[in-house]
Amino acid sequence: MKEKILEIKIHDLISKHNISLSELSRLSDIEVARLSELANGKRQRIQINHLIRIAEALDIDDIGEIIQLKNI
């Protein structure tokens, strides 16, 4: 069985919504440093409430727009 990782698609989101990481931070009330770590794969865990705040900030209904499983 292939090992998988969870990818947080922060770069895709800010590009799609034409905003900066700082703006996403302001809208979601999540620290820029934490968003940056998630975006660059340097954080292994994400809190569910952070996913919810990102979804609310960007008016996203499909969690697949924020996260995806990838084979490694």
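Leucine 27 sits in helix H2. The model discussed here is predicted. At 36% relative accessibility, leucine 27 is classed as partly exposed, because its value falls between the 20% and 50% limits. Not counting residues up to four places away in sequence, leucine 27 touches Ile19 and Ala57. Alanine 57 is 30 residues from leucine 27 in sequence. In space, the two C-alpha atoms are 5.4 Å apart.

Serine 28 also belongs to helix H2. Serine 28 is buried, with a relative accessible area of 3%. Neighbours within four places in sequence aside, the contacts of serine 28 are Leu35, Arg53, Ile54 and Ala57. Helix H2 covers residues 21-28 and has the highest mean pLDDT among the elements, 97.

Aspartate 29 is placed in the loop between H2 and helix H3 (32-39). Its relative accessible area is 63%, so aspartate 29 counts as exposed. The phi angle of aspartate 29 is near 60 degrees. That is a positive value in a residue other than glycine. Aspartate 59 likewise has a positive phi, near 55 degrees. Aspartate 59 lies in the loop between H4 and S2. With 66% relative accessibility, aspartate 59 is exposed.

Isoleucine 66 is found in the loop between helix H4 (48-57) and strand S2 (67-71). Aspartate 59 is exposed, whereas isoleucine 66 is buried, at 0% relative accessible area. Leaving aside neighbours within four places in sequence, isoleucine 66 contacts Glu7, Ile8, Lys9, Leu13, Leu51, Ile54, Ala55 and Ile60. Lysine 4 is 62 residues from isoleucine 66 in sequence. The C-alpha atoms of this pair are 16 Å apart in space.

Four helices and two strands make up the secondary structure of the protein chain. From the N terminus, the order of elements is β-α-α-α-α-β. Strand S1 (residues 4-8) has the lowest mean pLDDT of the elements, 87. Over the protein chain, pLDDT averages 93. A score of at least 70 is reached by 100% of the residues.

The radius of gyration of the protein chain is 12 Å. This agrees with a compact globule, because a globule of 72 residues would have a value near 11 Å. The C-alpha trace spans about 40 × 25 × 20 Å along its principal axes.

Of the 72 residues in the protein chain, 29% are buried. Serine 28 and isoleucine 66 are buried residues. The protein chain exposes about 5200 Å². Carbon and sulfur atoms supply 46% of that area. The side chains include 11 positive and 12 negative ones. The centres of these two sets lie 7 Å apart.

Conventions. Residues are numbered from 1 along each chain as its sequence is written. This is a predicted model: local features need pLDDT of at least 70, side-chain atom pairs count only at pLDDT 80 or more; totals for chains, interfaces and linings use all residues. Side-chain values use heavy atoms; hydrogens and water are left out. The radius of gyration is taken over C-alpha atoms; the globule rule is 2.2 Å times the number of residues to the power 0.38. Buried means under 20% relative accessible area, exposed over 50%, partly exposed in between (1.4 Å probe, protein chains only). Accessible areas come from the Shrake-Rupley method with a 1.4 Å probe; for residues, only the protein chains shown count as cover. Lys and Arg count as positive and Asp and Glu as negative; His and the chain ends are not counted. The place of a charge is taken as NZ of Lys, CZ of Arg, CG of Asp or CD of Glu. pLDDT is the predictor's confidence in each residue, from 0 to 100. Contact means heavy atoms within 4.5 Å.
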